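Let's take a look around this protein together. Have the sequence and the 3D view open as you read.

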Amino acid sequence: MKVPVTIYSEMTPNPSTMKFVANKYLLGTGDSAEFRNKSEAKGFSPLAEELFSFPFVDGVFIAANFVTVTKTNNVPWDFITMELRQFIKTWIEDGKEVLIAMPQKTANVEAKVETEEKASILANLSPSEFDDAISNILDEYVRPAVENDGGAIDYLGFNDGTVSVILKGSCSGCPSSTATLKGGIENLLKQYIPEVTEVVAING
């Protein structure tokens with residue numbers, strides 16, 4: 001039986017992404033999944049896999065009650081927003097699977113790391129006494145704002161003053177995300193935990 005679903009679209013700070021918000025939860029609190037191509041989505045998200053059948057879809061991010069779609073640069077949102085919104089609405093109404101397995105938090109991070117410096121940060125991460133405190137601050141103050149913009153932030157670890165995170169969804173590759181990372185998140189963490197000297201997005 002079809003359950004009526006409302007979907008509305010919302011622009012994000014990243015001009016390449018659009019957030020499609022449902023009136024029901026798709027994933028549990030704090031869970032999120034990001035896919036950059038059809039093969040990454042295979043075996044994890046049937047919805048994302050089908051969305052990649054559209055030639056203009058370049059990325060799919062699913063969290064809480066929304067799906068953020070990244071488009072290619074050759075087509076404006078005006079031409080595709082209605083089509084994507086209707087597709088996602090019908091998919092959810094039909095009760096089809098959104099996610100059948102959760103990809104690992106750090107899956108494909110290595111592939112996104114562009115510099116040797118960031119690769120070495122990633123390699124040196126190990127449990128730290130500050131992990132819980134940092135995670136709690138990010139969950140309470142940062143995650144809601146980031147989700148509001150159609151993205152997510154995952155804490156990777158703390159090493160020698162550096163907090164490493166992964167940016168997902170609209171925040172990944174967003175022109176303003178670096179300013180947010182440095183001006184907002186870094187200052188916030190320094191305020192609560194003096195041992196923090198900088199915040200680095202491993203994939204940004």
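A64 counts as buried because its relative accessibility is 8%; buried means under 20% relative accessible area, exposed over 50%, and partly exposed in between (1.4 Å probe, protein chains only). Keep in mind that this is a predicted model, where local features need pLDDT of at least 70, side-chain atom pairs count only at pLDDT 80 or more, and totals for chains, interfaces and linings use all residues. Residues are numbered from 1 along each chain as its sequence is written, and side-chain values use heavy atoms, with hydrogens and water left out.

Most residues other than glycine have a negative phi. A64 isn't a glycine, yet its phi is positive, and D160 does this too. D160 counts as exposed because its relative accessibility is 71%.

| Residue | Phi | Loop between |
|---|---|---|
| A64 | about 45 degrees | β4 (57–63) and β5 (66–71) |

**The nonpolar cores**

A nonpolar core is a set of buried Ala, Val, Leu, Ile, Met, Phe, Trp, Tyr and Cys residues joined through side-chain atoms within 4.5 Å. Which members of the largest one touch the most others? They are L51, V67 and L84, out of 30 residues. Elements supplying at least two residues each include β4, β5 and α3 (77–93), and α3 gives the largest share, six residues. There's also a second, separate core of 21 residues, with F158, L181, L189 and V199 among them.

Methods. Helices (H or I, at least four residues) and strands (E, at least two) are DSSP runs, numbered from the N terminus.
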